[in-house]
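Dear colleague,

I am passing on the structure below, together with some notes on what was found in it. Please read the notes with the sequence and the 3D view open beside them.

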Amino acid sequence: MVAKKAKPGQFIILRIDEKGERIPLTIADFDVQKGTITIIFQEVGKTTKRLGNLNEGDQILDFAGPLGNPIEIKRYGRVVCIGGGVGAASIYLKVKELAKARNKVISIIGARTKELLILEEELQKISDELYITTDDGSKGHHGFVTDILQKLIDERKNIDLVEAVGPVIMMKAVANVTRPHNIRTIVSLNPIMVDGTGMCGSCRVRVDGETKFTCVDGPEFDAHGVDFDHLMTRLQRYLTEEKLALVLG
Ligand SMILES: Cc1cc2nc3c(=O)[nH]c(=O)nc-3n(C[C@H](O)[C@H](O)[C@H](O)COP(=O)(O)OP(=O)(O)OC[C@H]3O[C@@H](n4cnc5c(N)ncnc54)[C@H](O)[C@@H]3O)c2cc1C
Ligand code: FES
């Protein structure tokens with residue numbers, strides 16, 4: 001049922017078992033015929049590590065979705081899709097659908113080091129151009145995704161849309177690069193979520209000075225209105241508990 005309704009930009013919330021926390025993960029791909037969705041995740045804490053320990057054939061308790069608003073797929077012209085780290089999983093479906101809608105899609109993926117790059121081959125196949133960056137220079141451009149974006153802007157001038165998903169600091173940097181050029185820029189925000197249906201308020205973010213709930217108003221927002229510093233502070237608020245959960249298992 002989720003596969004039938006899924007659209008690019010949406011996510012699911014899963015629980016591994018009765019006592020497990022609920023975590024949001026992007027629908028990286030879906031197959032309506034098989035009735036499956038694909039999730040791609042990075043092991044960062046207790047729940048994602050437990051998920052990573054599951055084997056083929058194991059089961060999880062449940063997942064809810066598709067949640068959040070899909071991105072608007074139409075012919076924009078030239079679109080730059082940027083995925084930082086595991087954010088590449090979130091841009092894959094967007095690139096696929098934007099390319100189908102006859103956009104010229106330039107993808108940029110970046111990671112700390114080449115081992116952390118994902119979906120390179122897959123994105124190569126569906127993008128008009130693919131650029132790779134690594135912080136340590138182990139593959140592609142030695143530096144950040146924003147270096148390539150700045151270069152593209154300087155060279156071409158006519159970018160109609162930028163879509164960026166990744167660490168908050170990266171999305172903030174992308175917004176700072178495109179703002180002076182007035183290029184429409186959409187980011188997918190990743191605050192801590194609980195219910196995913198607009199009831200708990202955990203995922204609140206500030207956009208254009210207003211409070212928005214990422215799960216029902218987003219997760220995509222106009223980057224130029226997002227208060228990224230506020231989001232970074234809110235993401236830190238359970239650090240002690242997260243560390244404890246990992247140690248106690
Ligand atoms: C709409 C959305 C889509 C996402 N898609 C993906 C994806 O496709 N792949 C992926 O690897 N990650 C994705 N994330 C982030 C993912 O949900 C968190 O990494 C995960 O919840 C961490 O849980 P944990 O118990 O393993 O780690 P924890 O120990 O709980 O946390 C580790 C870090 O993850 C952040 N985090 C913790 N809980 C949440 C939460 N409920 N929501 C968001 N961030 C949290 C914290 O800031 C913390 O720094 C997405 C987040 C959102 C909001
Ligand atoms: S996750 Fe509870 S309101 Fe969005």
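Among the contacts in the protein chain with a separation of 6 or more, 63% are accounted for by residues 24 or more positions apart, where contact means heavy atoms within 4.5 Å. The model is a predicted one, in which local features need pLDDT of at least 70 and side-chain atom pairs count only at pLDDT 80 or more, while totals for chains, interfaces and linings use all residues. Residues are numbered from 1 along each chain as its sequence is written, chains are lettered from A and ligands numbered from 1 in the order in which they are written, and side-chain values use heavy atoms, with hydrogens and water left out.

As to overall form, the radius of gyration (taken over C-alpha atoms) is 18 Å, which agrees with the value near 18 Å for a compact globule of 249 residues, the rule being 2.2 Å times the number of residues to the power 0.38. Buried residues, meaning those under 20% relative accessible area with a 1.4 Å probe and protein chains only as cover, make up 45% of the 249 residues.

The protein chain has nine helices and 14 strands, which are DSSP runs numbered from the N terminus (helices: H or I, at least four residues; strands: E, at least two). Seven of the strands form an open sheet with mixed pairing, in the order β9-β8-β7-β6-β10-β11-β14, where two strands pair if DSSP finds at least two bridges between them. Its edge strands, β9 (141–142) and β14 (220–222), each pair on one side only. Strand β11 (residues 185–188) runs antiparallel to β14 and is joined to it by three bridges, with valine 187 standing opposite phenylalanine 221 of β14.

Strand β12 (residues 204–207) is joined by four bridges to strand β13 (residues 210–213), and the two run antiparallel; here arginine 204 stands opposite phenylalanine 213 in β13. In a regular strand the side chains alternate between the two faces of the sheet. In β12, Val205 and Val207 form the covered face, whereas Arg204 and Arg206 form the uncovered one. The hairpin of β12 and β13 has two residues between the strands, and aspartate 208 takes a positive phi near 50 degrees in it.

Lastly, threonine 47 is found in helix α2 (residues 46–52) and counts as buried because its relative accessibility is 9%. Apart from its neighbours within four places in sequence, threonine 47 is in contact with Ile16, Glu21 and Ile23.

Notes
Buried < 20%, exposed > 50% of the residue type's maximum accessible area, 1.4 Å probe, protein only.
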